[in-house]
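The following note sets out some points on the model shown here. It is written as numbered remarks, to be read beside the structure.

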Amino acid sequence: MAASPSLRPSSRFAPALSASPRRSSSIPAALLVRRHDISAVSLRSLSGDRFGVKQRGMRPRSSGDPFGICCASSSPVVEKAAEEAGSKVSTVVDVDLGNRSYPIYIGSGLLDEPDLLQRHVHGKGVLIVTNTTVAPLYLDKVVKALTHGNPNVSVESVILPDGEKYKEMNTLMKVFDKAIESRLDRRCTFVALGGGVIGDMCGFAAASFLRGVNFIQIPTTLMAQVDSSVGGKTGINHPLGKNLIGAFYQPQCVLIDTDTLNTLPDRELVSGIAEVIKYGLIRDAEFFEWQEKNMQALLARDPSALAYAVKRSCENKAEVVSLDEKEGGLRATLNLGHTFGHAIENGLGYGDWLHGEAVGAGTVMAVDMSRRLGWIDDSVVERALSILQQARLPTGPPDAMTVEKFKSIMAVDKKVADGLLRLILLKGPLGNCVFTGDYDRNALDETLRAFCKC
């Protein structure tokens, strides 16, 4: 495994703090994203709130809100599932997408609950997609859960090499090869067992095989549990850009057994925390404040702290996906720091830096640019930098990333529209952001020059 990238000094922010703020023309109202209280959204919490953050019901959005009204309501199906599963399910969050809605089960020891998986398996054929790291740890347990008291199901598995560099077409074909060799039909179910790479590839394979079969997400990394397993984004990388080939395709359920975090390497844990921090910065200031108080507990793998971080992140992601499934505007805000971060991943060669490490550095750059535009004050800059440093995430790109390398890679980012690079930037008080292409291009140039040697 490549050595963890070193932290950048806080002086990286000095140019932004001393620069004269620049302001762009007004931002279209439809792209200004305000933080709203998270819905109890079909949420059942069976454990006490140890960390002092109260669950809140969703208040109706104002009539002027461009993203419409989202009303909280409990799902009887999800509530029933929680009751039947017993105390091991601490939380169920429902992703509300009409007839394609699905539950996110969160709890300790859920891989030992066969009914949770079996209720979402259609047909008699199952294909588990996993990798060489996760298979020795959890493959047998998942096979047992799928077959316990269920002799009619046939379970096959395909074990892929581990790493971001394998998130590509040749590796994806191994999934199709196994599915075809196993004579799976349209009623089969694919099961993604692993981190974000496995989840994205298995989901894309499920979306494509026989023009679409069922699939289940079992994320085993913090990154996948708080972000990539939820919302139906699937796909693979291309040498010219990250995640450029894929589909929106929703799972039958997401099953998060928080015990799988016990086997997660420290570097992978820290990588996942980058996405947790993101939610606080863009839409949930109260969650950000909780993180400031509990970051050391997260790093120390306190089970209750991790469970709460996963739960709260899923609540945020579920609400956004329910409002904007295919990233028409609101959902794009979940990519704070990702445009810069994806450029780092691509520029170094996939797998050199972990996704969360690149996002951490990219978030610092996005915050820096937001400050240069005059959209946030120094306190937001300082708090963002401080929490990323506490989390032991990189706060600047590697020396190999030049201004021109950033620009050439960002030019093919998925958020480019009509030749215009749109970015997610912070604006206003903590917990607010915009997704826009309407900004002073000089601010982007200044940020790139501040963080790159040439």
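**Remarks on the model**

1. W375 is placed in the loop that runs between α12 (355–372) and α13 (378–390). In this predicted model, is W375 buried or exposed? With a relative accessible area of 7%, W375 falls under the 20% limit and is therefore buried. Along the chain, W375 and L425 are 50 residues apart, and their C-alpha atoms are separated by 8.6 Å.

2. The protein contains 15 helices and 15 strands. It has 454 residues, of which 59% are buried.

3. The next remark concerns a pair of helices. Two packed helices are described by the angle between their axes and by the distance between those axes. Helix α11 (residues 338–348) packs against helix α14 (residues 403–410) at an angle of about 105°, and the axes are 9 Å apart. The angle lies in the range of 65 to 115 degrees, so α11 is roughly perpendicular to α14.

4. Which residues of α11 and α14 meet? From α11 come T339, F340, A343, I344, N346 and G347, and from α14 come K405, F406, I409 and M410. Sorted by class, this contact of α11 with α14 has 6 nonpolar, 3 polar and 1 charged residues.

5. Apart from neighbours within four places in sequence, M369 is in contact with F340, L423, L425, Y439, A443, L444 and T447.

6. How many aromatic pairs are counted? The count is 6. In one of them, F287 and Y308, the ring centres are 6.2 Å apart and the planes are at 75°; the angle is over 60 degrees, so the pair is edge-to-face. F287 is in helix α9 (residues 285–299) and Y308 is in helix α10 (residues 303–323), so the pair ties together parts that are 21 residues apart in sequence. Both F287 and Y308 are buried. Ring pairs also join F287, W290 and Y308 into a cluster.

7. The final remark concerns backbone angles. Most residues other than glycine have a negative phi. L210 is not a glycine, yet it has a positive phi of about 50°. L210 sits in the loop between α6 (196–208) and β8 (214–219) and is partly exposed, with a relative accessible area of 34%. R301, likewise not a glycine, has a positive phi of about 65°. The loop between α9 and α10 holds R301, and at 22% relative accessibility R301 counts as partly exposed.

Conventions. Residues numbered from 1 in each chain as written. Predicted model: local features only at pLDDT ≥ 70, side-chain atom pairs only at ≥ 80, totals over all residues. Heavy atoms only, no water. Axes fitted to C-alpha atoms, helices over the stretch in contact; angles between N-to-C directions. Helix = DSSP H or I, 4+ residues; strand = E, 2+ residues; numbered from the N terminus. Parallel < 35°, antiparallel > 145°, perpendicular 65-115°, else oblique. Contact = heavy atoms within 4.5 Å. Nonpolar A, V, L, I, M, F, W, Y, C, P; charged D, E, K, R; others polar. Phe/Tyr/Trp six-rings, centres within 6.5 Å; stacked < 30°, edge-to-face > 60°. Buried < 20%, exposed > 50% of the residue type's maximum accessible area, 1.4 Å probe, protein only.
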